[in-house]
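The tour moves from one selection to the next and says what is found at each stop.

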Amino acid sequence: MSLIIVLTWAGTACSVIPTGNKPITVADARKGNPLGDPYARVIAMPPKGDWSPEKVVTGFRAAMASPDDPEREVARQYLTDDFAKQWNPKGDVLVYEHGEYEKFSSVSVGEDKARVTLKGDITAYIGQDGRYKPSGGPLNMPFSLVKGPNGWRISGGPEGLVLSESDVDHGYRPVDLYFLDSEWKGLVIDQVRVPIDPTANSAKTAVERLLQGPSSLLKGAVKTAFEPDTKLIDVTTEDNRVIINLNKHVASDLIGPMAAQLAGTLSTLTKGGWGFRVEVNGESYYSDSSLQIEAQEQSAFDHWMTPRDIAPFYLSDGGLRLLTSEKVGQPVPGRAGEKDETRTHPAISDEKPARVAALSKDGKSISVASISAGGEWQEWATGESLTPPSWDRYDTLWTVNRPNDHTSVVIRHDRYNRQQYRVAAPELDTVNVKLLKIARDGVHVAVVVNDGAEERVLIGTVIGQGSATRIDNLQPVVQGKAIRDIAWNDGKSLYVLTEKSELLEASVAAEAKPLPPDPRIDSITALDGSLLAGAEDNGKLQILYRTSAKWEELVKDEAGKPDFVENGPTSPVYPLG
């Protein structure tokens, strides 16, 4: 079958590239414009009367993958009239892996009926809202065909689009949408896949998707500065600025949050320091001046977007230490810095001065101390068996009480009134929660659970406040492995350490991928790409940090050497880590 592949830029002229061995020459259409991202087009031909059933199914797959035909009019030509009325290309998308796993098998071919099966491995589903959900299992997709006057046509098959991973790479853009937390003070990233629109530049597509609101993963957990009926008129460029033209203003007190949402959502598309200007109906945002947004405005709005110069803490000889720029640990002020062998698993809050929470060695209580002169330990939580503590960005302390091996009660302690709330988490009530960590955005949550059959790592969202708080939208990201520790890297990715010292990077929007392991590691913490690990070697302790090639010792002793030592550094932790 003949296909034509085109490499083009949205809104620009394109070069047609026939498949084959001819050389390919494509002019660069960017010319300094950060919005002109190229994409590959696959233009499939309509079916021909002499095609075999297998060739018809192959052609249908190619037509389904064409971003230049958003209504899939060419794809419908491969279907019978009745099936074309049922088929819905606007629904969820099934994604599969092909290559050596793909094969067709014609189960039966008669004079006027045939059946072809597409086989492979299911890898994900893309929801109508763009939410990418990794999945698994075999693909056995049957296609029923009938022969009519114009040749073979598909009379039965998938309910909607079935795309290979390569099709998704060519036809969708991964976009990070920036929304606001419940207090309008922090940003929360929603990772989605957006279909390429050949009539619009990538920035316009991203902003239009932002205005539609969050995906189902964050529904109810985040806010947006835009009114529901806000529409995008266009996105253009002028004088090294991206011009965003909306149909209406936002509330005056939400201009700052709006600026952060726009800058964050467009940050990966406008590399090079391009700023932004917001207009309304083609006019200046204000009656007497324009609304200018600087590049990386999201970082100025929320410091956790690009945290810098944040030092880690760790335990040494039972006392809390802060690592200095010389890679030497200094005892923190207050009781927390003193030798104390009764507490473990420290967690550091984001307030000033910060507080440290620690779990008792018997697991029955959590105490909190201010990291300041005169800071004393105070008992905040008790239970039959508590998980290590976790702070959120609102200085609220989280833990899980496990009265038995098949019951878990999620609780949070408000910093201001010390009140304890039970968090509704129906999916966790009847399992054993081993670990719970709140991400630095205050919305994403990761838990390690054991349901009696296996351990799993789940990522979900925190919705509501106070006594109305609940954990929802939990989905597995790692299964079938015994888990030792987890640590949020940022609001998108989570590091997972297994009992076998395997190290994985997990996400709700991608399959977990392995990282270089080290058999000495027994705990982890992370911050914006900086990954630290507590390690033990023949009874001696040290903190390791990961470089691009290997793990290296971090903390220096009094002699200036980063060696493993007895009663040495252990349990590294970044704030909100």
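Select Asp350 first: this residue is buried yet has no salt bridge, and the nearest side chain of opposite charge, Lys352, is 4.2 Å away. Buried means under 20% relative accessible area, exposed over 50%, and partly exposed in between, with a 1.4 Å probe and protein chains only. A salt bridge is a side-chain nitrogen of Lys or Arg within 4 Å of a carboxyl oxygen of Asp or Glu. For charge, Lys and Arg count as positive and Asp and Glu as negative, while His and the chain ends are not counted.

Bear in mind that this is a predicted model, in which local features need pLDDT of at least 70 and side-chain atom pairs count only at pLDDT 80 or more, whereas totals for chains, interfaces and linings use all residues. Residues are numbered from 1 along each chain as its sequence is written, and side-chain values use heavy atoms, with hydrogens and water left out.

Asp350 sits in the loop between S21 and S22. Helices (H or I, at least four residues) and strands (E, at least two) are DSSP runs, numbered from the N terminus. Now select the open sheet of four strands, ordered S21-S22-S23-S24 with antiparallel pairing. Its edge strands are S21 (343-348) and S24 (378-382), each of which pairs on one side only. On average, neighbouring strands of this sheet are turned by 30° against each other, direction ignored. For such angles, axes are lines fitted to C-alpha atoms, for helices over the stretch in contact, and angles run from 0 to 180 degrees between N-to-C directions.

Strand S22 covers residues 355-360 and is joined to S21 by four bridges in the antiparallel sense. Two strands pair if DSSP finds at least two bridges between them. To see one of these bridges, pick Ala347 and its partner in S22, Ala357.

**A second open sheet**

Move on to S25-S26-S27-S28, an open sheet of four strands in that order with antiparallel pairing. Strands S25 (390-391) and S28 (420-423) stand at the edges with a single partner strand each, so one side of each is left without a neighbour in the sheet. Strand S26 (residues 397-404) runs antiparallel to S25, and two bridges join them. Pick Ser390 to find its bridge partner in S26, Trp398.

Select residues 241-246, strand S14: six of the six residues are buried, so the strand is largely enclosed by the rest of the structure. Arg241, Ile243 and Asn245 point one way from S14, and Val242, Ile244 and Leu246 point the other way. In a regular strand the side chains alternate between the two faces of the sheet.

S13 pairs with S14 in the antiparallel sense over six bridges, including the one between Leu232 and Leu246. The two strands form a hairpin with two residues between them, and Asp239 in the turn has a positive phi of about 50°. S14 and S15 pair in the parallel sense, also over six bridges; here the partner of Asn245 in S15 is Glu279.

**Salt bridges**

How many salt bridges does the rule give? The count comes to 24. One of them joins Glu238 and Arg277, with the closest N and O atoms 3.4 Å apart. Glu238 lies in S13 (residues 232-238) and Arg277 in S15 (residues 275-280), so the pair ties together parts that are 39 residues apart in sequence. Glu238 is partly exposed at 40% relative accessible area, whereas Arg277 is buried at 14%.

Next select Lys434 and Glu499, whose side chains meet in a salt bridge of 3.3 Å, N to O. Lys434 is in strand S29 (residues 432-438) and Glu499 in the loop between S34 (494-498) and S35 (503-507), 65 residues apart. Lys434 is partly exposed at 24%, and Glu499 is partly exposed at 35%.

The last stop is Asp451 and Arg456, which form a salt bridge at 3.9 Å, N to O; Asp451 is partly exposed, with a relative accessible area of 38%.
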